Amino acid sequence: MDLRGRAVLSFNRLRVLLMLFHTMARITAEQEVENLSGLSTNPEKDIFVVRENGTTCLMAEFAAKFIVPYDVWASNYVDLITEQAEISLTRGAEVKGRCGHNESELQVFWVDRAYSLRMLFVKEGHNTSKGPEATWRLSKVQFVYDSSEKTHFKDAVTAGKHTANSHRLSALVTPAGKSYECQAQQTISLTSSDPQKTVTMILSAVHIQPFDIISDFVFSEEHKCQVDEQEQLEETLPLILGLILGLVIVVTLVIYHIHHKMTANQNYLEKDGGSRSEEGIIGSWSPEPDLDLCRMAGCGLV
């Protein structure tokens with residue numbers, strides 16, 4: 001019994017040590033993050049990099065803004081008026097993250113942790129007519145805000161910390177091994193713990209890859225959003241139509257020039273042939289001499 005008790009105690013200690021080691025390793029991995037927003041030429045865009053074991057495992061570039069409704073007292077201190085706070089993700093934010101085979105996470109904190117953004121990404125496999133395919137997507141967004149913060153909120157009735165969460169989110173869907181890129185604005189609705197309030201998250205200038213990064217600090221091939229593809233088509237379509245119209249005009253002018261030249265040559269040949277025929281007729285006709293006139297003029301006819 002004594003030996004068995006010691007064995008159980010040793011096993012428990014070993015399990016605790018393993019758990020502590022796993023926790024420390026996870027914490028160390030989460031601390032391998034970099035905020036490279038200073039490298040962006042867009043002052044509204046942030047750049048975050050998460051690294052594990054010296055390798056980039058998550059990269060995110062985006063501009064984020066949150067439209068937060070909140071209640072204030074009217075001038076009569078009886079009625080409530082709904083105001084809106086516009087909160088932008090600022091440079092110099094604190095960042096944390098973790099990477100996994102099928103799940104990755106990015107957390108950002110700013111304004112002395114009055115605001116925080118948590119983005120959860122998942123990678124999934126699907127069976128399609130072409131065979132098994134894998135995609136990744138943004139599956140959850142959580143935004144925590146403090147309505148007692150005076151920079152963006154003015155005398156909020158329910159001042160304090162509130163949490164806004166997405167519901168059944170499936171955004172930024174991208175084939176595995178590719179990065180997601182979208183310059184157009186995208187909105188995500190978040191349900192707030194502040195009663196009957198919906199927070200709107202606006203993303204723009206997005207370039208994200210939470211899985212399968214091959215080279216350090218380098219995105220893989222881009223998967224563009226449908227809006228960007230449509231805008232690109234709208235921009236290039238007039239150019240394509242202009243080139244086609246120009247080509248049609250050139251071909252028409254060439255055909256006209258060739259036809260005009262051939263017609264002119266044909267007319268010239270017909271005219272030249274007619275002139276030669278007339279000359280032949282005139283040259284072959286020799287009228288008989290008037291004998292009486294010759295005698296009078298002394299033609300010397302024999």
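Predicted model: local features only at pLDDT ≥ 70, side-chain atom pairs only at ≥ 80, totals over all residues.
Start with the totals. The protein has 302 residues, and 34% of them are buried. Its secondary structure comes to three helices and 14 strands. The accessible surface is about 20,000 Å², with 57% of that belonging to carbon and sulfur atoms. Among contacts with a separation of 6 or more, 54% are between residues 24 or more positions apart.

Now the inside. The largest nonpolar core holds 48 residues, and the ones touching the most other members are Phe-62, Phe-66, Trp-110 and Phe-143. Strand β3, residues 55–73, gives the most to this core: nine residues. There is another core apart from that one, made of six residues, including Leu-36, Ile-47, Val-49 and Ile-213.

Phe-143 takes us to the strands. Its bridge partner in β9 is Ala-164. Strand β8, residues 131–146, runs antiparallel to β9, and five bridges join the two. On β9 there is also a pairing with β12, residues 186–192, again antiparallel, over two bridges. In that pairing Ala-164 stands opposite Ser-192.

Most residues other than glycine have a negative phi. Val-111 is not a glycine, yet its phi is positive, about 55°. Val-111 sits in the loop between β6, residues 103–110, and β7, residues 115–128. It is partly exposed, at 32% relative accessible area.

Phe-217 is the other case, with a positive phi of about 60°, and it is not a glycine either. Where is Phe-217? It lies in the loop between β13, residues 198–209, and β14, residues 222–224. Phe-217 is partly exposed as well, with a relative accessible area of 37%. With the cut-off for buried at under 20%, Phe-217 at 37% does not count as buried.

That is the tour.

Note on methods
Residues numbered from 1 in each chain as written. Heavy atoms only, no water. Helix = DSSP H or I, 4+ residues; strand = E, 2+ residues; numbered from the N terminus. Buried < 20%, exposed > 50% of the residue type's maximum accessible area, 1.4 Å probe, protein only. Pairing = 2+ DSSP bridges. Core = buried A, V, L, I, M, F, W, Y, C linked by side-chain atoms within 4.5 Å. Contact = heavy atoms within 4.5 Å. Areas by Shrake-Rupley, 256 points an atom, 1.4 Å probe, with all protein chains shown as cover.
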